[in-house]
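Please open the model in a viewer and keep the sequence panel at hand.

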2 protein chains.
Amino acid sequence: MATARDVARKAGTSTAVVSYVFNNGPRGVAPATRQRVLAAARELGYRPNALARSLSSGRTRSIGLIVPDICNPYFAELARAIEDAAGTTGNLLLIADSALSADQERRHTRSLIDRQVDSVVLVSVRDEPDLREFFDAGVPVVALHPLSDRRLASSITIDYEAAAQRATEHLLAHGHRSVVLLNGPVESTGARQHRAGFDRAVAGAPGVRSRMVRSEISRHHAAEVAQELLQGPDRPRAVYCTTDEQAFGVLYAAHRSGLSVPADLAVVGFDGTRNCLVSIPALTTVQQPMEAMARRVVEILADRTVLEEPVHEVLGFEFIARDSSGGPAPG
Amino acid sequence: MATARDVARKAGTSTAVVSYVFNNGPRGVAPATRQRVLAAARELGYRPNALARSLSSGRTRSIGLIVPDICNPYFAELARAIEDAAGTTGNLLLIADSALSADQERRHTRSLIDRQVDSVVLVSVRDEPDLREFFDAGVPVVALHPLSDRRLASSITIDYEAAAQRATEHLLAHGHRSVVLLNGPVESTGARQHRAGFDRAVAGAPGVRSRMVRSEISRHHAAEVAQELLQGPDRPRAVYCTTDEQAFGVLYAAHRSGLSVPADLAVVGFDGTRNCLVSIPALTTVQQPMEAMARRVVEILADRTVLEEPVHEVLGFEFIARDSSGGPAPG
DNA sequence: TTGTAGGCGTTATCAC
DNA sequence: GTGATAACGCCTACAA
């Protein structure tokens, strides 16, 4: 592999000038010299060594993305959106999959810090991720969900409480008197907000029976939980799920239980993955503004002051009524 | 951030010894010295700088994984399996998503080479990926599909032709006389193998009408293509799809067309993603041996001689008959 | 405008 | 068993 020294020698100049050419600075280079350098580099097939460059400059031009479960299309789509938003800048997005394991998330946290990513986009499996570690290492973090501690990292999220309330009211407006909240597996800031919104909607509709059930954020586990729910006593008439994947699990469970959606059971999801459009039936959901989130994430991380002054933004969501809940509510 | 120099100073020794301690070699260290070094490191919160380490050692302890589409669960599950297989070795898996774009794949190729990943696992969107680039850079590659040029990289795959034949024969055994092969979007070694297996099966069943249709490897595009197929003249009775995602698109199209699966249309997929178990109806498919592939990939890449002597392995697959094709064939 | 040289933090060779 | 010290390849302050 050719090095800057080789190029300099061939172009009859110094490594400093080669560096100036390839970085467009910090010093200017005479046009003729620049041409000689570029020609030499092309001939030798020179490519700057990213490792050496990073070691020297202190920047790796890479962004870490930690997601709870890459097999969940929401996170895959999120990764795609972030890469699209960041891609043009020559930054590499390192996707780290926690596989729904807090331990794995911890390992990735270490690993990304050790590899000195310039910044991190985090979707945690825990309510209290290791923000301190990132902070101490000088790595700015933007979380894509509500945070219990807002001092060590930034966040971009939607108002889960408002979204949950909107979704639940939709189900109630369809006249359903027995509703279930299918929440995430553990207590967390986000889970609490879902519950608060759900409860508030129910409180506004006298005589409605409601309860909360928990499940992993996976189609399979949600299907199991839902199966039990649907075949047990006091079968609910409607379910609000805190992720699309859980909702798909519920659709499957309904199918297996011989129930028709939405005739026997109304289902609403949350995330707005593309699969909602091709599920059977099409899924009513809360659409997260993935592209806007991705854009803002990249913008925020480009501003190096966020480490000291975290930013917290709440973006708008869109509620989309489709077949799985019987379409738009009457009235 | 504390450096090895700081640790050495505090422990009253040299950076060389610190290095020996943290790498368990290549020289031994006296027990007492080792303890002093470890104590000093702990006190200072020392963590070796991965960049400097890589620059010096020439190894980054990272594996690049290039997938065509991270939003396709098959590739996400593959990533998970590879990470599981490699994870224990302290290696980081860098997941690069080509987003079904050859340009993007090219960019990732460059990027991973520049970042000096130790090796690459490749699932290409093209029939002729840039194997030469990797080879010239000294980066061993294992592809997880058949390769048109087997000299520059290794491959681990299943026998697509045999699998396609098996799947098609299954459909024919159910008595269907009009079958369609829903293949990938472009001609490629893999696509040719699927077609060969499909054709061979059809050739063995006189009087069967067959044709091939192409679609992107995505649920949505497959749904569009299938919609046209199912509502056009001479509607097929059975479809063999070269990926599960395409098959799910066909299921959706059938649903939209008012057709019942498998009563009106039999569908078979390929990949064996977990979603096959919770689709409506459950999907008959060719199960790829993901865990075994992942294990072999990691083993092969651990053996540094593969660069000069590529290895090509064909693993076994399993055909799994489920509801979407009417279950096991009679007889 | 360009060259020299020190530094980034490790690793590993070579003496002692 | 351990300590200097020269790489690894690049960046950039400083000097010219």
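The stops below name what to select and what is found there.

This is a predicted model, in which local features need pLDDT of at least 70, side-chain atom pairs count only at pLDDT 80 or more, and totals for chains, interfaces and linings use all residues. Residues are numbered from 1 along each chain as its sequence is written, chains are lettered from A and ligands numbered from 1 in the order in which they are written, and side-chain values use heavy atoms, with hydrogens and water left out.

**Chain A as a whole**

Chain A has a radius of gyration of 25 Å, well over the 20 Å that the globule rule gives for 331 residues, so the chain is more spread out than a compact globule. That radius is taken over C-alpha atoms, and the rule is 2.2 Å times the number of residues to the power 0.38. The C-alpha trace of chain A spans about 85 × 35 × 35 Å along its principal axes.

Next, colour chain A by accessibility. Of its 331 residues, 56% are buried (under 20% relative accessible area; exposed is over 50% and partly exposed in between, with a 1.4 Å probe and protein chains only). Contacts (heavy atoms within 4.5 Å) between residues at least 6 apart in sequence join residues at least 24 apart in 70% of cases in chain A.

**The nonpolar cores**

Now show both chains and select A:L144 and B:L144, which touch the most other members of the largest nonpolar core, a set of 58 residues. Elements that each supply at least two residues of this core include α5 (73-87) and α12 (290-302) of chain A and the elements α5 (73-87) and α12 (290-302) of chain B. A nonpolar core is a set of buried Ala, Val, Leu, Ile, Met, Phe, Trp, Tyr and Cys residues joined through side-chain atoms within 4.5 Å. Apart from this core lies another, of 34 residues, with A:A96, B:A96, B:V139 and B:L147 among them.

Which residues surround B:L144? Beyond neighbours within four places in sequence, its contacts include B:L78, B:I82, B:Y160, B:M293 and B:V297.

**Two buried loop residues**

Move to B:V117, in the loop between α6 (102-114) and β3 (119-122) of chain B. B:V117 is buried, at a relative accessible area of 4%. Setting aside neighbours within four places in sequence, B:V117 has contacts that include B:T60, B:I63, B:L94 and B:V139.

In chain A, select A:H176, between α8 (160-173) and β6 (178-183). A:H176 is buried too, with a relative accessible area of 8%; A:R237 and A:A266 are among its contacts outside four places in sequence.

**Backbone details**

One runs from A:I280 to A:P281, with omega near -5 degrees, and A:P281 lies in the loop between β9 (266-271) and β10 (284-287) of chain A. Another joins B:V261 and B:P262, with omega about 10 degrees; B:P262 is in the loop between α11 (244-256) and β9 (266-271) of chain B.

Finally, select A:R61, a residue other than glycine whose phi is positive, near 55 degrees. A:R61 is in the loop between α4 (50-57) and β1 of chain A and is partly exposed, at 34% relative accessible area. A:D234 likewise has a positive phi near 55 degrees, and is partly exposed at 42%.

How values were computed
Helices (H or I, at least four residues) and strands (E, at least two) are DSSP runs, numbered from the N terminus.
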